[in-house]
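Morning, everyone. I have one structure to walk through, and I'll keep it brisk. Here it is.

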Amino acid sequence: MNQYLKQLAAQWIWTALFLSFVPWPSMAGSAGGVVVNGDTNLNPELSPPIAAQQGVAEIAAGVGHIVALKTDGTVIAWGYNANGQATVPDPARTGVKSVAAGPGHSLALKTDGTLVAWGRDEFGQTDVPESLKNKVQAGAAGYLHTVALTTNGMVVVWGDNSSRQTEVPETALNGITAIAAGWFHTLALTREGEVIAWGAGTNEVAYSIGGRDESQSVVPLAARSGVVAIAAGRDHSLALKTNGSVVVWGARFSRANPPYPPIPDLGNR
């Protein structure tokens, strides 16, 4: 299943980078190093530094910047840095077990359960609540909001609430095993395998961009059971099921000529 997810992420990474509406390069790991594929002339600073060319365990892509976690628990970041999103603060430089990136801010989760956030902060999205100290097991970054999953399975969200993306429903206050953040919506996965979504694209917070209706927070029936992993792009949501199938919902520019690639056929992996 882990190999399936890695291949899925590699083939779909551009759909996440599609958020910027420009052809940002895609990324892939090679022998523990980061390789940026595509035209880095759009942002020459995306070329991986020497420190990211080996010993990398995990990567996260924002819009124009990249955060990498190394096998020794150190974090490095590079790329667009107008809001300091690629300047790793001292508390996030060591002892880290996972990283995440939004368009303008970055996250690092430390081994002691502390979540460190830095970068764009006009809505307080990098101001991690003191009550979460040593209590976080996962973090996710939206456009202007931040999501944390506590060690007791509760979702906490803060930052911009223009689409009610920080208003956690009662069903996500306990029993949650995974989280994800789109630009203006939030996802949670229950221990029973059901996806919960809120924010932009719900029946209550519907909006339209370029004549297309948003529905990234209207969870389809197929994603309400048997889900083992979730992910979110700018205006779309994804769920991986126990049988290896993928459910995708949300914005599409045109059904006749969609911008998203077809779901890859990776077999039963």
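Leaving aside neighbours within four places in sequence, which residues is Thr146 in contact with? They are His105, Leu107, Leu115, Gln125, Ala140, Val156, Val157 and Trp158. Contact here means heavy atoms within 4.5 Å.

A word on the source. This is a predicted model, where local features need pLDDT of at least 70, side-chain atom pairs count only at pLDDT 80 or more, and totals for chains, interfaces and linings use all residues. Residues are numbered from 1 along each chain as its sequence is written, and side-chain values use heavy atoms, with hydrogens and water left out.

Back to Thr146. It sits in strand β10, residues 145–150. Strands are DSSP runs of E, at least two residues, numbered from the N terminus. Thr146 counts as buried because its relative accessibility is 0%. Buried means under 20% relative accessible area, with a 1.4 Å probe and protein chains only. Its side chain also reaches the backbone oxygen of Gln125, at 2.6 Å.

Next, a strand pair. How many bridges join β17 to β18? Five. Strand β17 covers residues 227–232, strand β18 covers 236–241, and they run antiparallel. To count as paired, two strands need at least two DSSP bridges between them. Val227 has Lys241 as its bridge partner in β18. The two strands form a hairpin, with three residues between them.

Last stop, Val246. This residue lies in strand β19, residues 246–250. Buried or exposed? Val246 counts as buried, because its relative accessibility is 14%.

Conventions: Helix = DSSP H or I, 4+ residues; strand = E, 2+ residues; numbered from the N terminus. Buried < 20%, exposed > 50% of the residue type's maximum accessible area, 1.4 Å probe, protein only. Polar contact = N/O pair within 3.5 Å; in protein donor to acceptor, adjacent residues only side chain to side chain.
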